[in-house]
Amino acid sequence: MILRLYSYLCLAAIALHSTVDGVPLVPLRHNASFATSRLRRQTSTFVELSPRGCCRTAGASEGVWTSSARPSQAACEASCTENCAGYEWQPWRNLCEHHESPSDFHHTGGNALCRCVQKI
């Protein structure tokens, strides 16, 4: 029991002081306990789902999106405005997919090079 409590406290301390590229990590909010929840990167307007992968719906489909070429992930994010629930960035192709529905961000899957980022 004491070892389990110690494990939870260690995980909480790591999560509170962890960053990726200077951006703090925050626990996902879902029904799983804190110890088993994944972490994701959060900025002021967007959250990157973790682990890295392509955006997937609860039914494991790709959802509804439109794609366009962008020179960088920052350009892809900047172009996610009205009717955009988030985006998927594919760096090896410089391809930006703007997703139309929040349900497209249930989980990640497929290629681990993709970055699935939801607007919050």
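Start by selecting Cys76: it is buried, at 0% relative accessible area (buried means under 20%, exposed over 50%, partly exposed in between, with a 1.4 Å probe and protein chains only). This is a predicted model, with residues numbered from 1 along each chain as its sequence is written, and local features need pLDDT of at least 70. Side-chain atom pairs count only at pLDDT 80 or more, while totals for chains, interfaces and linings use all residues, and side-chain values use heavy atoms, leaving out hydrogens and water.

Helices (H or I, at least four residues) and strands (E, at least two) are DSSP runs, numbered from the N terminus. Cys96 is buried too, also at 0%. Check the S-S torsion of Cys76 and Cys96: it is about 70°, so this link is right-handed.

Next, pick Cys80 and Cys84, whose sulfur atoms sit 1.9 Å apart in a disulfide. Which hand does this link have? With -95° about the S-S bond, the Cys80 and Cys84 link is left-handed. Both Cys80 and Cys84 are buried.

Last stop: Cys55 and Cys116, a disulfide with its sulfur atoms 2.1 Å apart. Cys55 lies in strand β5 (residues 54–56) and Cys116 in strand β10 (residues 115–119), 61 residues apart.

Zoom out, and the whole structure holds 4 disulfides.

Technical notes: Disulfide = S-S within 2.5 Å.
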